[in-house]
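Here is a short report on one protein chain. Look at the sequence and the fold first, then read on.

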Amino acid sequence: MKNHKIIVANWKMNPSIFQGIELLKSINQSINEMKVSSKIVICPPSLIIRDALIIFSNSIVSIGSQDCHHAEIGPYTGDLSYKMFEDIGCEYAIIGHSERRANHFEDNKLIFEKLNSINRSKIIPILCVGESFVERKSGLASEAVIRQIDESGINKLEFDQKIIAYEPIWAIGSGKIPTRDEIMSIHSKIREKLDTEGNNKDIKVLYGGSVNTENVSDIFSINGVDGALVGGASLKKADFIKIIESAEI
Ligand code: PEP
């Protein structure tokens with residue numbers, strides 16, 4: 001049976017508003033002309049999520065947020081709540097991306113609060129975990145990843161579907177990726193952890209970090225890789241479409 005992949009585009013704070021809307025339209029047009037069996041999720045900047053929801057209203061593409069606040073409403077200047085994203089129609093939320101952990105000092109305790117809130121909604125979480133370069137070099141990659149899973153509580157919370165994106169911090173935007181064996185080993189440890197604890201029915205483990213048109217087929221062929229979280233390459237229409245096509249082979 002064909003293993004349908006999940007491909008998540010993380011646009012971060014890119015591109016400009018008007019280019020972003022044009023890119024959404026252009027991706028929609030291409031996807032409409034294709035036969036796609038993968039689940040495609042696009043996480044654009046929050047300010048164009050409503051445009052994305054309208055553009056993809058008759059499409060197989062789902063829309064997600066890149067983060068959310070754990071409170072439903074309240075005095076949190078500049079924040080957007082998980083409930084607001086749910087109310088406008090987002091189906092997914094990226095949580096705990098390493099850039100949020102580094103630039104906004106998000107720790108596993110806060111990430112647990114976010115997952116716990118999302119658990120009260122219909123949103124499917126995409127939890128990002130990954131080791132630093134120093135942890136990888138010291139042989140502590142899997143310990144670091146499993147600690148993030150444990151402390152964020154994703155293993156114990158009950159969701160209909162959980163998506164974990166293994167994203168080594170040193171691979172993000174660097175053009176470097178782990179070896180096949182390194183990816184396979186971390187993916188199987190994540191799955192083992194989730195399989196043995198809590199109520200984990202439908203778990204998908206994605207790889208993220210410098211996925212591009214050159215390496216995607218190889219990454220998709222690794223045992224235990226259920227899809228990809230794609231940053232830079234998802235901002236180039238032709239590349240993103242090639243990545244989607246690679247999952248169909
Ligand atoms: C990311 O930051 O989630 C990511 C996967 O980035 P890139 O593909 O650009 O390495």
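K12 is found in the loop between β1 and α1. Helices (H or I, at least four residues) and strands (E, at least two) are DSSP runs, numbered from the N terminus. This is a predicted model, in which local features need pLDDT of at least 70, side-chain atom pairs count only at pLDDT 80 or more, and totals for chains, interfaces and linings use all residues. Residues are numbered from 1 along each chain as its sequence is written, and side-chain values use heavy atoms, with hydrogens and water left out.

K12 has a positive phi of about 55°, although it is not a glycine. K12 is also partly exposed, with a relative accessible area of 22%. The scale here is simple: buried means under 20% relative accessible area, exposed over 50%, and partly exposed in between (1.4 Å probe, protein chains only). P15 lies in the loop between β1 and α1 (17-32). The peptide bond from N14 to P15 is cis, with omega near -20°. Most residues other than glycine have a negative phi, and most peptide bonds are trans.

## Another positive phi

F105 has its place in the loop between α4 and α5. Its phi is near 55°, a positive value in a residue other than glycine. Is F105 buried or exposed? F105 is exposed, with a relative accessible area of 70%.

## The barrel

Eight strands form a closed barrel, in the order β1-β2-β3-β4-β5-β6-β7-β8, with parallel pairing. Neighbouring strands of this sheet are turned by 25° against each other on average, direction ignored. Two strands pair if DSSP finds at least two bridges between them. Strands of a sheet pair through backbone hydrogen bonds, either parallel or antiparallel.

Take one pair. Six bridges join β6 (residues 161-166) to β7 (residues 202-208), and these strands run parallel. I164 has V205 as its bridge partner in β7. Helix α8 (residues 180-196) packs on the sheet and touches β5, β6 and β7. The direction of α8 makes about 155° with that of β7. Axes are lines fitted to C-alpha atoms, for helices over the stretch in contact, and angles run from 0 to 180 degrees between N-to-C directions. Contact means heavy atoms within 4.5 Å.

Helix α10 (residues 237-246) lies across β1 (6-10), β2 (39-43) and β8 (227-230). It runs at about 165° to β1.

Which residues of helix α5 (residues 108-118) are buried? They are N108, I111, K114, L115, S117 and I118. These buried residues pack against α3 (82-88), β4 (92-95), α4, β5 and α7 (141-152).

I63 lies in strand β3 (residues 62-65). I63 is buried, with a relative accessible area of 2%. I63 and C43 are 20 residues apart in sequence, yet 5.8 Å apart in space, C-alpha to C-alpha.

## The cavity

A cavity is a set of points, on a 1 Å grid over the protein atoms alone, where a 1.4 Å probe fits but cannot get out; lining residues have an atom within 4 Å of a point. The count comes to one cavity of 30 Å³ or more. The largest cavity has a volume of about 60 Å³. Its lining includes G96, H97, S98 and R101. α4 (98-103) and β5 (124-129) are the elements that give two or more residues to this lining.

Note on methods:
On a 1 Å grid over the protein atoms alone, a cavity is a set of points where a 1.4 Å probe fits but cannot get out, and a pocket is an open set with protein on both sides within 12 Å along at least five of seven lines; lining residues have an atom within 4 Å of a point. Grid points are joined across faces, edges and corners, and a volume is the space filled by probe spheres set on the points.
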